[in-house]
Protein chains: 2
Amino acid sequence: MAVMNAIILTIGDELVLGQTVDTNSAWLSRQLAAIGCNVAAHMTVSDSQADIEQAIRYAAGRCDCLLVSGGIGPTADDLTRQAMAAVMGVELEPDHGWLARLDEFFQARGRPMPAINRIQAMIPRGADLIDNPAGTASGIHAVIGACHIFILPGVPGEMQIMFERDVLPQIRARADGGVILSRTLHTFGPGESAVAEMLGDLMRRDRNPSVGTTVSGGIISVRINARCPGIAQAQAQLADTAGQCRRILCDLVFGEDQQTLPQAVADLLKQHPEARRWAPAVCTAESCTAGLLAKYLTDVAGSSSYYRQGWVTYTNQSKTSQLGVAEHTLRAHGAVSEPTVREMAIGAATRSGAPFALSISGIAGPEGGTPGKPVGTVCFGLSHPRPDGQLGTLTRTMLLVGDRDMVRDRACKMALTLLRFHLLGKPLPF
Amino acid sequence: MAVMNAIILTIGDELVLGQTVDTNSAWLSRQLAAIGCNVAAHMTVSDSQADIEQAIRYAAGRCDCLLVSGGIGPTADDLTRQAMAAVMGVELEPDHGWLARLDEFFQARGRPMPAINRIQAMIPRGADLIDNPAGTASGIHAVIGACHIFILPGVPGEMQIMFERDVLPQIRARADGGVILSRTLHTFGPGESAVAEMLGDLMRRDRNPSVGTTVSGGIISVRINARCPGIAQAQAQLADTAGQCRRILCDLVFGEDQQTLPQAVADLLKQHPEARRWAPAVCTAESCTAGLLAKYLTDVAGSSSYYRQGWVTYTNQSKTSQLGVAEHTLRAHGAVSEPTVREMAIGAATRSGAPFALSISGIAGPEGGTPGKPVGTVCFGLSHPRPDGQLGTLTRTMLLVGDRDMVRDRACKMALTLLRFHLLGKPLPF
């Protein structure tokens with residue numbers, strides 16, 4: 001099976017100066033690997049037109065597919081369009097459709113198009129324009145010899161959406177059917193080594209499909225890659241291995257591939273009878289995470305069907321005035337305590353009328369830790385309807401690892417996990 | 001002054017597969033830039049010996065200094081030593097000093113040296129060994145033509161210590177003493193092209209110090225790089241150009257280098273007389289951003305000195321019950337309107353007693369847009385103390401670009417910017 005070869009070229013002074021870490025190459029590589037396309041190399045050059053031209057010439061002679069990211073902004077240091085035209089030996093020409101789009105874009109914002117933005121509608125003669133639904137820089141698709149070249153913006157959000165919409169289908173159409181299919185199972189709670197121990201022999205290096213673990217933002221993901229001549233075979237092997245992993249990890253798996261923890265919780269809320277009857281069913285009361293839990297819950301489009309409202313009670317006074325936490329409780333147990341988060345959850349539930357209330361209070365650091373309650377100590381509360389119609393509560397205290405950002409992020413994921421297992425009707429398995 | 005040119009080559013299947021983001025190249029680039037060495041390119045290839053050989057040949061012909069990272073571990077997929085020897089046309093030979101070190105290393109751990117580790121003491125004939133004080137993989141220093149090649153491990157900790165101890169002094173001795181110093185000014189509000197137009201001739205490509213713009217998360221940053229023979233001269237030129245940029249961009253610049261927008265706002269709040277007198281002085285009332293503004297304000301350690309509390313009033317009912325927004329206002333103008341955010345801000349200020357209240361209500365999408373209020377429409381409110389002791393308010397409506405995540409992120413940055421200019425005592429300049 002002849003595998004398609006790709007090279008990824010990223011462009012930017014900030015990259016070769018080391019001021020920005022290039023994450024686009026890794027992202028593009030993952031997308032290409034997923035369709036069985038072999039990435040032979042990454043290259044990065046500065047904003048110098050000569051360097052860009054040299055890199056395009058070198059790479060185009062060595063691959064079937066060259067992905068270029070960066071250097072198509074509106075400013076004088078954006079020279080990828082010019083370099084591409086020079087390599088092709090043609091002029092840049094305006095794309096009138098894109099010029100009209102740019103005019104509309106700026107008109108909608110009540111200002112005329114700056115003259116320098118005009119360059120973003122210029123395309124080498126004979127090349128095709130790639131639509132950018134998220135910005136002003138059009139992309140370019142050109143062919144040199146046997147090599148298809150796709151030029152995309154360096155801004156990750158724009159690059160990714162353009163790759164997925166326009167570039168990926170074109171590459172897939174040219175690939176020869178040898179495939180690598182991947183599936184990823186996401187867990188939150190136990191550490192990477194605990195997950196790896198549970199998976200045991202499935203993680204043998206010579207296994208196909210291969211099973212590996214990666215960590216990102218506290219989420220331990222199990223990545224399964226099946227490399228097969230045909231898609232049906234790859235799908236079957238992938239499903240088999242994924243099934244084995246799921247049987248071992250059980251409810252620890254909250255989702256697959258692009259599914260996030262907030263989405264998993266949202267899906268459960270949309271099915272749960274009590275949550276449906278009293279929709280929107282969830283409210284939040286946060287201290288150290290200061291709104292991040294509410295933000296996560298509302299990351300999902302359509303979150304107003306299950307998220308009602310929240311309080312950020314950062315001061316003790318606001319815990320009392322807004323949520324009715326007793327001053328006595330704060331004095332006797334402290335703001336970071338299970339009695340306090342219990343009263344925060346009850347206060348949020350009764351004031352909002354929402355059946356489920358999540359509360360968080362903790363020490364995110366770097367200051368504020370004590371020997372008894374070190375930095376990373378976080379208390380969680382959940383109030384929920386009981387079968388007898390009364391309001392039930394459960395609380396937990398955990399010691400989370402990491403800096404301020406990490407502790408706040410992990411605390412919110414833990415609160416979502418607490419709610420997730422409650423909605424599943426199961427105790428937290430760790 | 002002849003500048004030394006470097007290329008950085010990183011090696012690993014995990015890199016070209018996108019499973020690991022290459023951070024070594026950026027780190028090495030920063031070290032080289034600091035001593036005035038120009039990094040012409042980054043390259044990354046897989047663990048294939050043929051690919052490594054080809055990359056070394058290509059790079060060695062195009063630079064004075066090639067830094068290679070990765071592929072010198074003990075396992076079968078570590079082939080950089082073999083590739084280097086092949087390019088040099090020589091054999092690998094054992095370094096007996098390093099072999100003895102390996103024996104000692106394993107003896108100290110109470111086990112014999114595994115046979116596969118022997119390769120880590122093999123050096124191409126005619127090359128020099130680079131000591132690794134942190135691991136078992138020795139490095140290699142070799143010369144091909146005019147190019148000095150330094151091969152280091154891929155493990156960042158080992159690579160960095162070896163670079164600093166042995167490689168940097170050798171490169172510095174060959175460099176001519178030139179340095180590149182950098183400074184970055186951050187702005188939020190106007191787009192990249194607007195900032196570039198303001199900077200005008202300062203962005204000429206042939207200028208030294210050079211001035212370029214980059215975008216990340218809606219923040220437009222102006223990067224200034226001064227390349228000079230000596231550090232004092234570079235510092236002076238950097239300060240001069242930074243001063244010119246600041247005079248043009250004025251208060252649009254909220255910070256330099258590592259400073260974030262929340263930090264800039266926090267610093268202003270710590271100096272502002274009204275904010276100090278009524279500390280913690282800020283509260284928030286959020287709808288579409290659902291806690292993200294509160295999260296940003298509390299990203300800064302010690303934020304309890306200026307952040308008091310917040311409300312996430314996602315439903316209309318909670319806007320009324322928690323903040324006292326009139327039902328009539330919601331009916332007449334809608335939740336996404338300046339009258340509504342004005343009442344949200346006033347409600348938050350009066351209920352919390354905080355002098356400053358920021359409010360946000362908008363349409364983050366992807367659903368919910370109308371012709372009159374398309375996705376991305378966001379209204380901002382700020383209530384603040386007036387000189388006459390009364391409560392003043394100001395409101396703004398903006399159309400923000402991007403997907404749900406981007407709209408919510410930009411909305412929070414805009415709210416911070418609104419507060420920032422108010423604390424500066426100036427109108428929003430865009």
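Strand β9 (residues 179-187) of chain B is joined to β11(B) by 9 bridges, and the two run antiparallel. Two strands count as paired if DSSP finds at least two bridges between them. Opposite T187(B) stands I220(B) in β11(B). The model is predicted: local features need pLDDT of at least 70, side-chain atom pairs count only at pLDDT 80 or more, and totals for chains, interfaces and linings use all residues. Residues are numbered from 1 along each chain as its sequence is written, chains are lettered from A and ligands numbered from 1 in the order in which they are written, and side-chain values use heavy atoms, with hydrogens and water left out.

Strand β11 (residues 219-228) of chain B also pairs with β10 (residues 210-216) of chain B. Here 7 bridges join the antiparallel strands. S210(B) has N225(B) as its bridge partner in β11(B). The hairpin has 2 residues between its strands, and G217(B) takes a positive phi near 60 degrees.

Together, 4 strands of chain B form an open, antiparallel sheet in the order β10-β11-β9-β12. Its edge strands, β10 and β12 (253-256), each pair on one side only. Neighbouring strands are turned by 30 degrees against each other on average, direction ignored. Helix α7 (residues 192-199) of chain B packs on this sheet and touches β9, β10 and β11 of chain B. The direction of α7(B) makes about 165 degrees with that of β10(B). Axes are lines fitted to C-alpha atoms, for helices over the stretch in contact, and angles run from 0 to 180 degrees between N-to-C directions. Contact means heavy atoms within 4.5 Å.

Elsewhere in chain B, helices α12 (residues 316-323) and α14 (residues 338-352) cross at roughly 35 degrees, their axes coming within 9 Å. From α12(B), K319(B), Q322(B) and L323(B) make the contact. Residues of α14(B) in the contact include T340(B), E343(B) and M344(B).

T313(B) lies in strand β14 (residues 307-313) of chain B. T313(B) counts as buried because its relative accessibility is 1%, where buried means under 20% relative accessible area, exposed over 50% and partly exposed in between (1.4 Å probe, protein chains only). Beyond four places away in sequence, T313(B) touches residues including K319(B), Q322(B), L323(B) and M344(B).
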